[in-house]
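Visitor: I should like to learn how to read local features in a structural model. Might we work through them one by one?

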Amino acid sequence: MHDFKDHRGYSAMYREGHLTLGLYFAIESYAGAIPEMDLARQISTAQMAERYGFSAVYFRDVPLNVPSFGDVGHIYDPWVFMGYVAAQTTRIALATGSIVSTLRHPLHLAKAAASVDRLSGQRLVLGLATGDRPTEFSAFNASLEKRQELFQEALTVMRRVWSEESPRISTSRVELSVADLLPKPLLGAIPVMVTGHSRQSLEWIANHADGWLYYPQDVVQQAVTIKKWRSLTQGFKPFSQSLYVDLSPDPEEAATPIHLGFRSGHRFLIHYLQTLREIGVNHVGLNLKYGRRPAHEVVQELGEYVVPYFAGNYPEA
């Protein structure tokens with residue numbers, strides 16, 4: 001396993017004992033499933049986040065609009081959109097939360113990830129997931145029942161073609177010989193975060209992932225989860241989580257629950273994030289979907305009042 005201290009995206013997001021902040025695209029509040037996704041506004045807000053010291057922006061892989069799910073994310077193909085964002089930012093990590101590896105061929109996935117990592121100057125932090133929407137598996141004619149095996153296969157194949165010259169690989173989806181995949185990541189590896197359990201045991205994730213991307217929970221339960229994670233990992237492997245936030249214009253407003261998060265003023269948010277840092281959370285990806293204020297206004301307030309406590313690990317920070 002790599003420590004990725006020389007990987008720009010990973011090092012911006014992760015340092016033992018520290019907590020940094022990211023933002024999920026679409027960086028806007030919206031009702032229903034489909035965001036507006038005004039690209040000029042998305043890019044200007046992402047650039048503002050980068051200036052303020054957010055460590056990452058997140059890209060989601062939502063292949064199809066499934067009405068029962070109720071959220072299509074940022075609409076665009078994640079790899080195409082990552083290239084668009086990478087070309088207009090300089091240091092912020094490009095994190096996926098997450099790519100559905102079971103619906104994509106491992107060689108295509110490996111080539112796309114290596115390409116983004118090289119073209120962005122080593123800023124890709126690759127979150128992977130199995131996917132969980134039966135409608136998508138039917139549409140792609142993929143096996144919902146074999147998600148566990150397909151997930152393991154994809155990770156194994158990617159790591160081999162990233163690090164080896166012309167490897168011979170024989171799996172359920174790959175028969176590779178006398179050929180090679182280019183480009184290869186500069187470090188021969190890309191940091192991979194497993195999302196949730198992805199139908200794997202926690203022991204398997206601790207042994208095979210470079211970090212864990214989990215969901216928000218009650219702080220006491222999250223502390224128990226992190227303690228278990230640390231007991232299984234060798235060396236530092238970061239723990240990340242998502243969090244939905246509706247930032248009140250009143251900085252003193254107390255917290256009230258929303259889906260997978262809360263509404264509050266920035267003072268409570270700072271205190272809450274400090275508590276997460278104390279229990280071992282290394283990174284929090286903020287999602288502004290359920291907010292009541294314009295996202296660029298919220299990002300500016302977060303940048304001025306919250307991010308200084310949790311700034312990205314940039315060389316000049």
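Predicted model: local features only at pLDDT ≥ 70, side-chain atom pairs only at ≥ 80, totals over all residues.

Visitor: What is the phi of Leu 260 near?

Guide: Most residues other than glycine have a negative phi, and most peptide bonds are trans. Leu 260 has a phi near 60°, a positive value in a residue other than glycine. Its relative accessible area is 38%, so Leu 260 is partly exposed.

Visitor: Where is Gln 122 placed, and is Gln 122 buried or exposed?

Guide: Gln 122 belongs to the loop between H4 and S5. Its phi, too, is positive in a residue other than glycine, near 60°. With 11% relative accessibility, Gln 122 counts as buried. Just after H4, Gly 121 also takes a positive phi, of about 75°.

Visitor: How should one check the length of a helix, and what span should H9 have?

Guide: The idea is to compare an expected span with the distance between the end C-alpha atoms. Helix H9 (residues 266-279) has 14 residues, which at 1.5 Å a residue should span 20 Å; its end C-alpha atoms are 20 Å apart, in agreement. The 14 residues of H4 should likewise span 20 Å at 1.5 Å a residue, and the end C-alpha atoms of H4 are 20 Å apart, which agrees.

Visitor: Which residues of H9 are buried, and what covers them?

Guide: The buried residues are His 266, Leu 269, Ile 270, Tyr 272, Leu 273 and Leu 276. Viewed down the axis of H9, they fall within an arc of 165°, so they line one face of the helix. Their cover includes S1, helix H8 (219-232), strand S10 (239-247), strand S12 (261-264), strand S13 (283-287) and helix H10 (295-306). Just after H9, Gly 280 adopts a positive phi of about 110°.

Visitor: Which residues are buried in helix H3 (residues 78-86)?

Guide: In H3, Pro 78, Trp 79, Phe 81, Met 82, Val 85 and Ala 86 are buried.

Visitor: What do the buried residues of H4 pack against?

Guide: They pack against H3, S3, S4, S5 and H6. The buried residues of H4 include Pro 106, Leu 109, Val 116 and Asp 117.

Visitor: How many salt bridges does the structure hold?

Guide: There are 16 salt bridges in the structure. Arg 133 and Glu 136 meet through their side chains at 3.3 Å, N to O. Arg 133 is buried, at a relative accessible area of 13%, and Glu 136 counts as buried at 2%. Glu 164 and Arg 160 form a salt bridge at 3.0 Å, N to O. Here Glu 164 counts as partly exposed at 29% relative accessibility, and Arg 160 counts as partly exposed at 28%.

Visitor: Is Arg 293 buried or exposed?

Guide: Arg 293 counts as buried at 12% relative accessibility, whereas Glu 297 is partly exposed at 34%. Their side chains meet in a salt bridge of 2.9 Å, N to O. Elsewhere, salt bridges that share partners join Asp 246, Glu 253, Arg 263 and Arg 292 into one network.

Visitor: Finally, which residues form a nonpolar patch on the surface?

Guide: Ile 34, Ile 75 and Tyr 76 form this patch, with about 280 Å² of accessible area together. Ile 34 is in the loop between strand S1 (20-24) and helix H2 (39-52).

Terms used
Residues numbered from 1 in each chain as written. Heavy atoms only, no water. Patch = residues over 30% accessible without salt bridge, like charges linked within 9 Å, V, L, I, M, F, W, Y side chains within 5 Å. Areas by Shrake-Rupley, 256 points an atom, 1.4 Å probe, with all protein chains shown as cover. Salt bridge = Lys/Arg side-chain N within 4 Å of Asp/Glu carboxyl O. Helix = DSSP H or I, 4+ residues; strand = E, 2+ residues; numbered from the N terminus. Expected span 1.5 Å × (residues − 1). Buried < 20%, exposed > 50% of the residue type's maximum accessible area, 1.4 Å probe, protein only. Arc of directions from axis to C-beta. Contact = heavy atoms within 4.5 Å.
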